[in-house]
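Open the model in your viewer and keep the selection tool at hand. This tour goes stop by stop.

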Amino acid sequence: MKKIKTLKELVYYADEKYGEKTFITEHIREQIRSSSFHMFRNDCDAVAAWLEETFKSKIHAALIGDTSYKYLTAWLGIQCCANVSVPLDTSNKAERIADEINRSDCEVVFLDSNHTGDVEVFKRLCPSVKQYISIFEKTENTLFLDDILKKYHGKKPQKTPSEDELSAILFTSGTTGKSKGVMLSHGNLIDNTTCEPDDSCHGEKKMTVLPVHHIFCFTCDILCSLWFGRTVCVNDSLMRLSKNMKLFQPNTVTFVPMIALSLINKIEALYQKTSDRKAAAGEVLGNELYAIFTGGAYLSPDIQKRYKKFGIDISQGYGMTECSPRICSGKMNTPFPESVGKIVPGCEVRIDDGEICVKSRSVMMGYYKNPEETAKAFTEDGWLRTGDLGYKNESGYLFLTGRKKNLIILSNGENVSPEELENQFSGSPRIKEIIVYAKNDRITAEIYPDPEYKANDIKSDIRVEVDKVNDSFPPSKRIVSIVFRDKEFEKTASRKIIRPSF
């Protein structure tokens, strides 16, 4: 088989190998709509042919919307004519979106129904944009994607991207400071997509839940499904997640641990009423699910044990946007549940003064128009600095101990990783969210109690739980002060807590 080097080649490969098999399944207007790999290639070609005819030189195109067949057609269509995709966070306000459109030099904007009303704002703030394309509906001030697909049906783009050519700019969450545009080449994304062997998952159904502008979702759910021949089932809302799991009956799904915890709590509550493990799990997750993969935050071994009781394997992986994103993949029945997975083939990991550093074909080209931050991201000999602290074992599994920038250094010289303490409460039925930091040289835990936990005095129960955790740590690493809050912490679109600045 010819080695795949670009996203265009991946789209064409999926069509040639899987053809009329279902690639995307959606629930639209009370109907199930399925689209094949062959249909997907044809529609990507149509988008690419239109772009190629409309723009004579390479352009950057922004995408604003949630996961859908049409959104993905635009995303990969941009790739099929050697242009650059810039997926943006649909939950941001129009002004911030406009700022990222400008900073990534976009000339085209694809947008869904939630943002067609922002076009006038974008036109005022983004003078370089030449075309706006509505993904789902006809409007007076945009082109309509369906019209492009019909007019250019059967046409093919002539341009072909190269392996080392810029493919996409993905903005980091910006949890601290201004967001940075991560530049990923075709080779970066293809290496991360194809680095692991096919585990005979042709025809399996993968539910996609996380925001598609997030590289974790795009690579692991979308690109890997093109590579493996899986069907992607689109979840249109977290509010309807269990309903959609039962509707589509997926075999695997990717979550962040916060979602996984919420669902196992529901399953256990149902089990208390029915005493039927299979029925309880099926009511929340459908009857065909056998594996859950997580990333973006720490997954406690306790949560893994709880899922195992219901016959479902759950494991965690690890990565970052700058690495396309996978550094480690979660493994079923892992012998090291405390790890963040096994280092993927082709990725080298070394530990520099406690910090995890990475070298692989998946590592980014740099930050767009930001050479200063790019230089900071790499060691002198070219290894990507992850900013995470940890170690690896002889079996190739990686373990995290904290985040370098969050490390607490007390006046007595002791170094304390807040994540090491926070992770002790992962899976707690009483604590929904916790952030540990130093205040007046005292280790402090700021806690948002779980509002669904029933207790006469939940704060007292939490203090007892904190005392038990403290007993397992030396005095220098114990939580001294507790601050209770009455609302959740602010989060990124991928549901990662934005750590406050203290």
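The stops below cover a helix pair, the nonpolar cores and one cysteine.

This is a predicted model: local features need pLDDT of at least 70, side-chain atom pairs count only at pLDDT 80 or more, and totals for chains, interfaces and linings use all residues. Residues are numbered from 1 along each chain as its sequence is written, and side-chain values use heavy atoms, with hydrogens and water left out.

**Stop 1: the helix pair.** Select H3 (residues 69–79) and H8 (residues 215–228). Helices here are DSSP runs (H or I, at least four residues) and strands are E runs of at least two, numbered from the N terminus. The axes of H3 and H8 lie 13 Å apart, at an angle of about 95°. H3 is therefore roughly perpendicular to H8 (65 to 115 degrees). Now show Leu 72, Trp 75 and Leu 76 in H3; they meet Phe 218, Ile 222 and Leu 223 in H8. Contact means heavy atoms within 4.5 Å.

**Stop 2: the cores.** Select Phe 110, Leu 285, Tyr 307 and Ile 327, which touch the most other members of the largest nonpolar core, 108 residues. Such a core is a set of buried Ala, Val, Leu, Ile, Met, Phe, Trp, Tyr and Cys residues joined through side-chain atoms within 4.5 Å. H8 gives this core its largest share, 11 residues. A second, separate core has 23 residues, including Ala 94 and Tyr 368.

**Stop 3: Cys 328.** Select strand S16 (residues 326–329), where Cys 328 is found. Is Cys 328 buried or exposed? Cys 328 is buried, at 2% relative accessible area (buried is under 20%, exposed over 50%, with a 1.4 Å probe and protein chains only). Among the residues that Cys 328 touches are Tyr 318, Val 340 and Leu 398.

Conventions. Axes fitted to C-alpha atoms, helices over the stretch in contact; angles between N-to-C directions. Parallel < 35°, antiparallel > 145°, perpendicular 65-115°, else oblique. Lists of a residue's contacts leave out its neighbours within four places in sequence.
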